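Please walk me through the strands, cores and aromatic rings of this structure.

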Amino acid sequence: MDTIKLDERGAPAMLRERITGKQAWVRDTLGPADWTVTIPPDCLAELREALAALRRDPLPLFLLQPEDFALDGCRALMRRVRTMLDDGISFAVLDRLPMGEMSRDESTMLYWLLASLLARPVAQKRDGTMLFVVRDTGATLAPGSGIRPTVTNVDLTFHNDNSYNETPPDYVALFCQQRAREGGISRVMSVATVHNELLARPDLLERLYRPFWYDRHREHAPGEASTFAAPVFEYDGGLKARLALLEIGAGYTLRGETIDDEGKAALEAVRAVFDRPELRVELDFQPGQIQFVNNRATGHARTNFVDDEAPERRRQLIRLWLRDHGNRAYRG
């Protein structure tokens, strides 16, 4: 769990200066060349060899480890991606796995190997689910239902994954296997940029450093509270965010409480920043591409979408959560 650093007054430490550098980007400072990483021929050759080995001698997905294959080129590639996430613009799009050469299950195995070279996959649900299929199930959202927005076709506003847990993932990977017929556009926004824009209202920004209630989506043991308390922003020499406006609203509903006026105004200020198109980029996510984000340094989102009627042409992404610290269980 993050330990909230306090200032000399005993209040949560707060960043009061603008963030500069690569992380604090806006739309017009970036182009596709800044986030697109082409899979080089040597890495593709290694992946083809790994797939041929798995066709000869199959193994379950969760037993696949990069060290069991000759992946030196891929290892160098993923070091480059991790540098972009940690020290650069905080997101990258890997372009791309040759989907026409393999089945969906086989492409998922290669995705698992590549992502494992970035960081360790960890559980995405309390039951130990490691691989999460992002697909519209027709479910309807409701506070406390345990239904996550990722299994619907609704618009997802900017968020950090698993903000309602003690130990969110450090990185989130999304592998596109099939696009929607219409919509489902992926969006990314810099947490540093969001914070910079909110500096104009220091009174509201200060409220965002104090806790809000989050809906835990039923990812807790029986008898435990259905809500989780945490601030939106934390600063310990580096800025981290827990952006999850939907879960915050549901958290207060579950508790039968009303968000305080200051908190409500602060969240509306965040929402107003999210609504500014000049601060975000949109990604034309293609089958075979893999999107990686630094989870606490970027907010990611998607527009609502309309699926094809044919099951095999319905939008489908495969999500992994990655974290090298703690254990691999959901709580970390």
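The dialogue below takes these features in turn, for a model that is predicted.

Q: Where should I begin with strand S6, and is it mostly covered or mostly open?
A: The general idea first: side chains in a regular strand alternate between the two faces of the sheet. Strand S6, residues 171-178, is mostly covered, with 7 of its 8 residues buried.

Q: Which way do S6 and strand S14 run, and how many bridges join them?
A: They run antiparallel, and 5 bridges join S6 to S14, which spans residues 290-294.

Q: In which sense do S6 and strand S17 pair?
A: S17 covers residues 316-322, and its pairing with S6 is antiparallel, over 7 bridges.

Q: How do I read a nonpolar core, and which residues of the largest one touch the most other members?
A: In soluble globular proteins, nonpolar side chains tend to be buried together. The largest nonpolar core in this model has 92 residues, and those touching the most other members are Phe91, Leu94, Leu208, Phe233 and Phe292. Helix H4, residues 104-118, supplies the largest share of this core, 9 residues. A separate core of 6 residues lies apart from it and includes Phe132, Val134, Leu174 and Phe285.

Q: What does Leu208 touch?
A: Leaving out residues up to four places away in sequence, Leu208 touches Leu198, Pro231, Val232, Phe233, Ala266, Leu267 and Val270.

Q: How is an aromatic pair described, and how many does a search of the whole structure find?
A: A pair of aromatic rings is described by the distance of the centres and the angle of the planes. The search finds 6 aromatic pairs. One of them joins Phe158 and Phe274, with centres 5.4 Å apart and 50° between the planes, a tilted arrangement. This pair links distant parts of the chain: Phe158 belongs to strand S5 (residues 156-159) and Phe274 to helix H8 (residues 261-274), 116 residues apart.

Q: Are Phe158 and Phe274 buried or exposed?
A: Both Phe158 and Phe274 are buried.

Q: Which residues form an aromatic cluster?
A: Trp25, Trp35 and Phe91 form one such cluster. Phe91 is also among the residues with the most contacts to other members of the largest core.

Q: Which ring does the charged end of Arg319 sit over?
A: The ring is that of Phe132, with the charged end of Arg319 4.4 Å from its centre. Arg207 likewise lies over the face of Phe212, at 3.9 Å from the ring centre.

Methods
Residues numbered from 1 in each chain as written. Predicted model: local features only at pLDDT ≥ 70, side-chain atom pairs only at ≥ 80, totals over all residues. Heavy atoms only, no water. Buried < 20%, exposed > 50% of the residue type's maximum accessible area, 1.4 Å probe, protein only. Helix = DSSP H or I, 4+ residues; strand = E, 2+ residues; numbered from the N terminus. Pairing = 2+ DSSP bridges. Core = buried A, V, L, I, M, F, W, Y, C linked by side-chain atoms within 4.5 Å. Contact = heavy atoms within 4.5 Å. Phe/Tyr/Trp six-rings, centres within 6.5 Å; stacked < 30°, edge-to-face > 60°. Lys NZ or Arg CZ within 6 Å of the ring centre and 35° of its normal.
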